[in-house]
Amino acid sequence: MAPGWGGTLLVGFLHSIEIAIGATCLGLLIGTGGACGKLYGGPVARDLLAIYTTVVRAVPELVLILLLYYAGTDLINQVLAAMGYQRIDISGLAAGIFVLGVVQGAYSTEVIRGAILSIPQGQIEAARAYGMPPGLMLRRITLPAMLPFAIPGLANLWLIATKDTALLAVVGFFELTLATRQAAGVTKAYLLFFVAAGVLYLALTLFSNLIIGRVEAWSRRGMPSVKEAR
Amino acid sequence: MTGETAVINVAARASLWLQPHRIVLILIALALVFCAAFFMRWDWLPQYWEMGLLGIWRALWILVVTCALGFLLAVPLGLAQAGGPSWFAVPAKVFCTIIRGTPLLLQLWLLYYGLGSLFPQYPWIRESWMWPYLRQAWPYAVVALTLSFAGYEGEVMRGAFAGVPKGQLEAARAFGMSRFKIFRRIWLPQAFYRALPTLTGETVLQLKSTPLVATISVIDIFAVSSKVRQDTYLTYEPLLLLALIYMTITGILVLIFSRIEARIPVKIG
């Protein structure tokens with residue numbers, strides 16, 4: 001094995017993690033906004049959000065990534081050109097985060113919407129009765145109370161995000177899977193590098209599971225333990 | 001009576017679509033579709049539609065075969081984890097964890113590039129009857145997608161098998177059924193009914209994974225659209241049409257599964 005390819009793999013791995021974290025954060029923002037819009041928004045907002053979540057969940061991520069990648073960079077450049085600036089090269093990192101974030105947003109909209117719906121109604125009514133403004137209510141009541149219901153779904157989404165970063169290899173973004181393919185192509189040690197990359201992904205998943213278990217226990221603190229429905 | 005309710009249903013459905021804001025949205029959507037039809041370039045369609053149909057056929061074929069084979073594999077995987085001996089349950093658990101913990105694209109490339117580069121080194125493989133198949137890309141695609149589906153669905157089946165009430169199995173044993181008969185008549189059908197709603201989602205997910213096979217040179221509908229993009233230098237038109245095709249297939253799949261679900265006679269609870 002030529003020296004240095006292990007380092008290349010690790011750099012790709014870091015890029016994958018960066019994108020997954022960025023995309024999950026963006027997805028959470030979109031998801032929170034989308035869930036609130038779906039639950040409390042006007043009829044037009046609701047319909048538009050329904051179209052957004054349905055379309056994103058019905059079209060393969062690979063197609064969406066290509067569409068959003070080209071459309072997003074085109075749009076930014078055209079806006080810049082219209083405002084009299086020069087065209088810029090969008091960094092792969094930003095584009096990847098944007099594209100996966102939009103995809104994640106659709107899924108987390110549904111997860112968060114379901115979680116908000118499973119909050120006992122009395123809690124929200126009590127908050128309203130105290131005269132809380134909507135922003136404060138969201139921050140103090142709705143978000144913390146929905147967390148235990150949302151965390152399993154959101155954890156699943158995080159795991160999907162880490163694995164979806166691999167799809168960015170198809171548009172040529174340098175993350176773990178593409179790094180692996182380059183390393184394997186040069187050294188011809190295909191099996192070795194692909195297995196190594198698999199171990200890295202698996203380690204990330206298992207480590208995430210460990211953290212998720214802690215977070216879930218924390219979000220359920222003070223709640224009566226519910227025996228698993230069997 | 002039934003005619004009356006049908007009329008009411010139709011009326012309710014129509015009024016659902018005929019709210020003022022929906023009419024405006026539908027008009028905007030129609031305007032967008034017309035703009036897309038008239039201002040975008042679609043002159044490449046006659047040249048490529050045959051290839052496109054073949055691509056759709058290949059994608060559907062891969063979807064059906066991998067879902068069927070994957071489900072057959074998922075049943076023993078779920079059974080092993082739900083109630084098998086540990087020497088059977090632990091490997092099944094490890095298999096599901098590995099499949100679910102790594103990206104499908106990586107598994108696909110591992111099989112195609114990794115194993116594919118390994119096979120030619122052995123003369124006995126090159127001389128065997130399998131060689132003509134192993135030189136093509138689609139067997140690797142089918143194997144990778146089947147294993148992936150089995151990994152995810154195996155986890156679902158584990159939950160479904162474990163969720164069948166104990167009393168059902170005990171009653172079957174009290175009737176003197178053999179173990180295989182219990183499995184065939186009681187355990188598997190009830191677990192299958194429980195898993196059916198998630199099966200819809202898994203199948204749609206599997207459909208959305210099929211374009212990955214284009215990366216190992218299987219010519220499915222995604223590969224056809226890539227070829228169109230390369231040949232005509234168009235960016236959006238082929239991708240938009242592709243998205244539309246996938247949405248249509250997803251819609252049809254969901255419809256079929258909801259029909260099947262409606263046929264289940266009793267609620268299992």
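**Ground rules.** I am working from a predicted model, where local features need pLDDT of at least 70, side-chain atom pairs count only at pLDDT 80 or more, and totals for chains, interfaces and linings use all residues. Residues are numbered from 1 along each chain as its sequence is written, while chains are lettered from A and ligands numbered from 1 in the order in which they are written.

**Chain A on its own.** I looked up the secondary structure and found 8 helices and 0 strands in chain A; helices (H or I, at least four residues) and strands (E, at least two) are DSSP runs, numbered from the N terminus. The C-alpha trace of chain A spans about 65 × 55 × 30 Å along its principal axes. I then checked burial: 38% of the 230 residues of chain A count as buried, meaning 20 or more other C-beta atoms, placed from the backbone, within 10 Å of a residue's own.

**Where chain A meets chain B.** I read off 31 residues from chain A and 30 residues from chain B in the contact, with two residues in contact if their C-beta atoms, placed from the backbone, lie within 7 Å. On the chain A side, helix 2 (43–58), helix 3 (61–82), helix 7 (176–187) and helix 8 (190–219) each give two or more residues. Helix 8 of chain A gives the most, with 9 residues. I sorted that side of chain A into 23 nonpolar, 3 polar and 5 charged residues.

**Chain B domains.** I noted domain 1 (1–39) and domain 2 (47–262) in chain B, with bounds from an automatic or database domain assignment. The centres of these two domains of chain B, taken over C-alpha atoms, are 36 Å apart.

Key. Nonpolar A, V, L, I, M, F, W, Y, C, P; charged D, E, K, R; others polar. Buried ≥ 20, exposed ≤ 12 C-beta atoms within 10 Å, placed from the backbone.
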